[in-house]
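Here's a quick walk through one protein–ligand model, written for someone who likes cut-offs spelled out. Have the viewer open as you read.

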Amino acid sequence: PRPRPLTGKRVLITAGPTHEAIDPVRYIANRSSGKQGFAIAAAAQAAGADVTLVSGPVELRDPAGVTVIRVESARDMLHRVEAALPADVAIFAAAVADWRVANEGEQKLKKTSAGMPPLQLVENPDILATISKLKDKRPPLVIGFAAETEHLIDNAKAKIARKGCDWIVANDVSPALGVMGGDRNTVHLLTRDGDINIDNIKVDSWPVMTKEQVAAELVAKIAK
Ligand code: C5P
(Lines give C-alpha, C1' and ligand atoms only; values in the text may rest on other atoms or scores of the structure.)
Protein backbone atom coordinates (compact mmCIF):
# COMPACT_ATOMS: atom_id res chain seq x y z
CA PRO A 1 0.00 0.00 0.00
CA ARG A 2 1.05 3.61 -0.66
CA PRO A 3 2.32 5.57 2.32
CA ARG A 4 -0.23 8.10 3.52
CA PRO A 5 1.91 10.67 5.37
CA LEU A 6 -0.87 13.28 5.70
CA THR A 7 -3.30 10.95 7.48
CA GLY A 8 -5.26 12.91 10.09
CA LYS A 9 -4.23 16.31 8.67
CA ARG A 10 -6.73 18.87 7.41
CA VAL A 11 -5.72 20.58 4.16
CA LEU A 12 -7.62 23.58 2.79
CA ILE A 13 -7.06 24.59 -0.85
CA THR A 14 -8.38 27.38 -3.08
CA ALA A 15 -8.38 27.01 -6.86
CA GLY A 16 -9.61 28.52 -10.08
CA PRO A 17 -10.52 32.06 -11.03
CA THR A 18 -13.20 34.16 -9.40
CA HIS A 19 -16.04 35.78 -11.29
CA GLU A 20 -16.91 39.32 -10.32
CA ALA A 21 -20.34 40.38 -11.53
CA ILE A 22 -20.80 43.46 -13.67
CA ASP A 23 -24.54 42.87 -14.01
CA PRO A 24 -26.74 39.72 -13.97
CA VAL A 25 -25.25 38.42 -17.22
CA ARG A 26 -21.69 39.74 -17.34
CA TYR A 27 -18.59 39.30 -15.24
CA ILE A 28 -14.86 39.98 -14.94
CA ALA A 29 -12.66 36.88 -14.78
CA ASN A 30 -9.21 35.58 -15.71
CA ARG A 31 -7.64 32.63 -17.55
CA SER A 32 -7.07 30.34 -14.56
CA SER A 33 -8.20 26.77 -15.33
CA GLY A 34 -8.01 25.49 -11.75
CA LYS A 35 -5.88 22.52 -12.86
CA GLN A 36 -2.97 23.13 -10.49
CA GLY A 37 -5.17 23.58 -7.41
CA PHE A 38 -7.30 20.52 -8.27
CA ALA A 39 -4.12 18.46 -8.78
CA ILE A 40 -2.87 19.52 -5.33
CA ALA A 41 -6.21 18.57 -3.79
CA ALA A 42 -6.04 15.12 -5.40
CA ALA A 43 -2.42 14.62 -4.30
CA ALA A 44 -3.15 15.68 -0.71
CA GLN A 45 -6.15 13.33 -0.64
CA ALA A 46 -4.01 10.49 -1.95
CA ALA A 47 -1.54 11.24 0.85
CA GLY A 48 -4.29 10.61 3.37
CA ALA A 49 -5.33 14.19 4.18
CA ASP A 50 -8.86 15.38 4.87
CA VAL A 51 -9.12 17.88 1.99
CA THR A 52 -11.49 20.81 1.45
CA LEU A 53 -11.22 22.52 -1.94
CA VAL A 54 -12.87 25.93 -2.37
CA SER A 55 -13.01 26.57 -6.10
CA GLY A 56 -14.12 29.35 -8.36
CA PRO A 57 -15.93 28.50 -11.63
CA VAL A 58 -13.92 25.86 -13.51
CA GLU A 59 -14.69 23.01 -15.89
CA LEU A 60 -13.13 20.27 -13.79
CA ARG A 61 -14.71 17.34 -12.00
CA ASP A 62 -14.53 17.02 -8.22
CA PRO A 63 -11.45 14.99 -7.23
CA ALA A 64 -12.53 11.74 -5.56
CA GLY A 65 -12.73 11.88 -1.79
CA VAL A 66 -12.34 15.68 -1.61
CA THR A 67 -14.95 18.05 -0.16
CA VAL A 68 -15.47 20.59 -2.96
CA ILE A 69 -17.16 23.93 -2.34
CA ARG A 70 -17.95 25.90 -5.51
CA VAL A 71 -18.03 29.68 -5.30
CA GLU A 72 -18.24 32.60 -7.71
CA SER A 73 -16.69 35.74 -6.29
CA ALA A 74 -13.67 36.58 -4.14
CA ARG A 75 -15.92 37.55 -1.27
CA ASP A 76 -17.76 34.20 -1.43
CA MET A 77 -14.40 32.44 -1.52
CA LEU A 78 -13.15 34.25 1.58
CA HIS A 79 -16.31 33.42 3.53
CA ARG A 80 -16.16 29.73 2.63
CA VAL A 81 -12.44 29.56 3.45
CA GLU A 82 -13.00 31.13 6.86
CA ALA A 83 -15.85 28.72 7.52
CA ALA A 84 -13.62 25.74 6.61
CA LEU A 85 -11.02 26.54 9.30
CA PRO A 86 -9.25 25.20 11.28
CA ALA A 87 -6.76 23.50 8.99
CA ASP A 88 -3.22 22.20 9.38
CA VAL A 89 -2.18 23.44 5.96
CA ALA A 90 -3.78 26.06 3.69
CA ILE A 91 -2.77 26.33 0.05
CA PHE A 92 -4.03 29.33 -1.92
CA ALA A 93 -3.77 28.42 -5.58
CA ALA A 94 -6.79 30.45 -6.74
CA ALA A 95 -6.32 33.33 -9.15
CA VAL A 96 -8.54 35.67 -7.17
CA ALA A 97 -9.67 38.79 -9.00
CA ASP A 98 -7.92 41.78 -7.46
CA TRP A 99 -10.87 44.03 -8.15
CA ARG A 100 -14.63 43.80 -8.37
CA VAL A 101 -17.16 46.20 -9.81
CA ALA A 102 -18.37 48.71 -7.23
CA ASN A 103 -21.56 49.64 -9.02
CA GLU A 104 -22.85 46.17 -9.92
CA GLY A 105 -25.97 46.56 -12.06
CA GLU A 106 -29.21 45.02 -10.77
CA GLN A 107 -30.43 44.77 -14.36
CA LYS A 108 -28.53 44.08 -17.54
CA LEU A 109 -26.73 47.22 -18.63
CA LYS A 110 -28.18 48.63 -21.84
CA LYS A 111 -26.59 50.50 -24.68
CA THR A 112 -27.75 54.10 -24.62
CA SER A 113 -27.01 57.23 -26.58
CA ALA A 114 -25.33 58.54 -23.42
CA GLY A 115 -22.25 56.44 -24.22
CA MET A 116 -20.57 53.58 -22.39
CA PRO A 117 -21.37 52.90 -18.74
CA PRO A 118 -18.44 53.65 -16.44
CA LEU A 119 -17.17 50.64 -14.49
CA GLN A 120 -15.93 51.62 -11.08
CA LEU A 121 -13.60 49.05 -9.49
CA VAL A 122 -12.94 48.42 -5.80
CA GLU A 123 -10.34 46.13 -4.28
CA ASN A 124 -11.30 42.61 -3.27
CA PRO A 125 -10.27 41.12 0.08
CA ASP A 126 -6.91 39.33 -0.08
CA ILE A 127 -7.73 35.83 1.14
CA LEU A 128 -4.11 34.68 1.49
CA ALA A 129 -3.11 37.78 3.49
CA THR A 130 -6.25 37.61 5.64
CA ILE A 131 -5.67 33.99 6.63
CA SER A 132 -1.90 34.45 7.06
CA LYS A 133 -2.53 37.24 9.55
CA LEU A 134 -5.14 35.45 11.67
CA LYS A 135 -4.26 35.29 15.37
CA ASP A 136 -6.13 32.24 16.64
CA LYS A 137 -7.06 30.17 13.63
CA ARG A 138 -3.97 30.65 11.46
CA PRO A 139 -3.04 27.31 9.91
CA PRO A 140 0.52 26.36 10.96
CA LEU A 141 1.57 26.20 7.30
CA VAL A 142 0.19 28.77 4.83
CA ILE A 143 1.24 28.50 1.19
CA GLY A 144 0.56 31.06 -1.52
CA PHE A 145 1.15 31.18 -5.25
CA ALA A 146 2.78 33.95 -7.23
CA ALA A 147 1.98 33.99 -10.91
CA GLU A 148 4.13 36.60 -12.58
CA THR A 149 5.22 37.54 -16.06
CA GLU A 150 8.42 39.32 -14.93
CA HIS A 151 10.82 39.61 -11.95
CA LEU A 152 9.40 36.32 -10.69
CA ILE A 153 11.66 35.56 -7.71
CA ASP A 154 11.90 39.12 -6.41
CA ASN A 155 8.16 39.60 -6.66
CA ALA A 156 7.56 36.27 -4.93
CA LYS A 157 9.94 37.12 -2.06
CA ALA A 158 8.23 40.45 -1.58
CA LYS A 159 4.89 38.64 -1.60
CA ILE A 160 5.89 36.37 1.31
CA ALA A 161 6.88 39.43 3.31
CA ARG A 162 3.79 41.45 2.39
CA LYS A 163 1.21 38.72 2.88
CA GLY A 164 2.81 36.92 5.81
CA CYS A 165 2.59 33.40 4.38
CA ASP A 166 5.23 30.71 4.97
CA TRP A 167 5.88 29.40 1.47
CA ILE A 168 5.22 30.62 -2.05
CA VAL A 169 5.03 28.59 -5.22
CA ALA A 170 6.22 31.03 -7.88
CA ASN A 171 5.40 30.37 -11.50
CA ASP A 172 6.09 32.19 -14.72
CA VAL A 173 2.83 32.74 -16.57
CA SER A 174 4.24 34.51 -19.62
CA PRO A 175 1.83 33.65 -22.45
CA ALA A 176 4.55 31.90 -24.52
CA LEU A 177 4.93 29.19 -21.85
CA GLY A 178 1.27 28.16 -22.00
CA VAL A 179 0.96 27.65 -18.24
CA MET A 180 -2.48 29.25 -17.95
CA GLY A 181 -4.86 26.50 -19.04
CA GLY A 182 -2.00 24.16 -19.96
CA ASP A 183 -0.90 20.89 -18.36
CA ARG A 184 2.66 21.79 -17.43
CA ASN A 185 4.19 24.19 -14.98
CA THR A 186 7.65 25.50 -14.15
CA VAL A 187 7.81 26.54 -10.52
CA HIS A 188 10.16 27.75 -7.83
CA LEU A 189 9.38 26.90 -4.23
CA LEU A 190 10.21 29.72 -1.84
CA THR A 191 10.29 28.73 1.81
CA ARG A 192 10.64 31.01 4.79
CA ASP A 193 12.47 29.79 7.84
CA GLY A 194 11.84 31.98 10.85
CA ASP A 195 10.80 35.61 10.90
CA ILE A 196 9.29 37.48 8.01
CA ASN A 197 12.47 38.78 6.49
CA ILE A 198 13.62 38.53 2.89
CA ASP A 199 16.97 37.08 4.09
CA ASN A 200 15.20 34.07 5.58
CA ILE A 201 13.81 32.88 2.26
CA LYS A 202 15.22 29.86 0.43
CA VAL A 203 14.55 29.35 -3.28
CA ASP A 204 14.31 25.89 -4.81
CA SER A 205 13.83 25.85 -8.61
CA TRP A 206 12.13 22.76 -10.00
CA PRO A 207 12.38 21.47 -13.56
CA VAL A 208 9.38 21.73 -15.88
CA MET A 209 6.77 19.20 -14.74
CA THR A 210 3.15 18.33 -15.26
CA LYS A 211 0.77 19.98 -12.83
CA GLU A 212 0.21 16.54 -11.25
CA GLN A 213 3.97 16.19 -10.67
CA VAL A 214 4.18 19.68 -9.16
CA ALA A 215 1.29 18.72 -6.88
CA ALA A 216 2.97 15.45 -5.82
CA GLU A 217 6.29 17.21 -5.10
CA LEU A 218 4.57 19.93 -3.10
CA VAL A 219 2.63 17.40 -1.05
CA ALA A 220 5.86 15.45 -0.41
CA LYS A 221 7.52 18.65 0.88
CA ILE A 222 4.53 19.37 3.09
CA ALA A 223 4.59 15.85 4.51
CA LYS A 224 8.29 16.26 5.31
O1 C5P B 1 -1.06 39.43 -5.06
P2 C5P B 1 -1.21 38.23 -5.92
O3 C5P B 1 -2.58 38.08 -6.51
O4 C5P B 1 -0.16 38.07 -6.98
O5 C5P B 1 -0.97 37.02 -4.92
C6 C5P B 1 -1.15 35.71 -5.31
C7 C5P B 1 -1.47 34.86 -4.13
O8 C5P B 1 -2.41 35.49 -3.27
C9 C5P B 1 -2.10 33.56 -4.55
O10 C5P B 1 -1.77 32.58 -3.57
C11 C5P B 1 -3.59 33.90 -4.51
O12 C5P B 1 -4.39 32.74 -4.34
C13 C5P B 1 -3.65 34.82 -3.30
N14 C5P B 1 -4.69 35.85 -3.38
C15 C5P B 1 -5.79 35.76 -2.54
N16 C5P B 1 -6.74 36.75 -2.56
C17 C5P B 1 -6.62 37.79 -3.39
C18 C5P B 1 -5.52 37.90 -4.25
C19 C5P B 1 -4.57 36.90 -4.22
O20 C5P B 1 -5.90 34.79 -1.77
N21 C5P B 1 -7.55 38.74 -3.39
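## Starting from one residue

Where is the place of Ile127? Ile127 sits in helix α3. Helices here are DSSP runs of H or I with at least four residues, strands are runs of E with at least two, and both are numbered from the N terminus. Before going further, keep in mind that this is a predicted model: local features need pLDDT of at least 70, side-chain atom pairs count only at pLDDT 80 or more, and totals for chains, interfaces and linings use all residues. Residue numbers start from 1 along each chain as its sequence is written.

Is Ile127 buried or exposed? It's buried, with 25 other C-beta atoms within 10 Å. The label means 20 or more other C-beta atoms within 10 Å of a residue's own, while 12 or fewer makes it exposed and anything in between partly exposed, with C-beta atoms placed from the backbone. Leaving out residues up to four places away in sequence, Ile127 touches Thr14, Met77, Leu78, Val81, Phe92 and Val96. A contact is a pair of C-beta atoms, placed from the backbone, within 7 Å.

## Around the ligand

The ligand is surrounded by 14 residues, and the closest are Phe92, Val96, Ile127, Leu128 and Gly144. To count, a residue needs its C-beta atom, placed from the backbone, within 6 Å of the molecule. Two elements, α3 (127-132) and β9 (141-148), each give two or more residues to this shell. The largest share, three residues, comes from β9.

By type, the shell divides into eight nonpolar, three polar and three charged residues. Nonpolar means Ala, Val, Leu, Ile, Met, Phe, Trp, Tyr, Cys and Pro; charged means Asp, Glu, Lys and Arg; the others, Gly among them, go down as polar.

## What the record says

The unreviewed UniProt entry puts its "binding site" annotation on Asp98, Lys108, Pro125, Asp126, Ile127, Leu128, Phe145, Lys159 and Lys163. These positions span 66 residues in sequence, and the farthest two C-alpha atoms are 37.4 Å apart, so they don't all gather at one spot. UniProt positions are given in the numbering used here, feature names are shortened, and annotations may be inferred rather than shown by experiment.

## Strands and how they pair

The protein chain has five helices and 14 strands. Strand β9 pairs on two sides of the list: with β6 (residues 89-92) in the parallel sense over four bridges, and with β10 (residues 167-172), also parallel, over six bridges. Pairing requires at least two DSSP bridges between the strands. To find these pairings in the viewer, look for Ala90 opposite Val142 in β9, and for Ala147 with its bridge partner Asn171 in β10.

Elsewhere, β2 (residues 20-23) and β3 (residues 26-28) pair in the antiparallel sense over three bridges. They form a hairpin with two residues between them, and Ala21 stands opposite Tyr27 in β3.

## A buried glycine and an exposed alanine

Gly37 lies in helix α1 (residues 35-46) and counts as buried, with 28 C-beta neighbours inside 10 Å. Gly37 and Ala15 are 22 residues apart in sequence but 4.7 Å apart in space, C-alpha to C-alpha. Contacts of Gly37 beyond four places in sequence include Ile13, Leu53, Ser55 and Ala93.

Ala102 is in the loop between β7 (99-101) and β8. With 10 C-beta neighbours inside 10 Å, Ala102 counts as exposed. Its contacts, again skipping residues up to four places away, are Gln120, Leu121 and Val122.

Leu85 and Pro86 are joined by a cis peptide bond, with omega about 5°. Pro86 is in the loop between α2 (74-84) and β6. His151 has a positive phi of about 45° although it isn't a glycine; His151 is in the loop between β9 and α4 (152-163) and is exposed, with 10 C-beta neighbours inside 10 Å.

## The whole chain

Of the 224 residues, 38% count as buried. The C-alpha trace spans about 65 × 40 × 40 Å along its principal axes.

Definitions and conventions: Contact = placed C-beta atoms within 7 Å.
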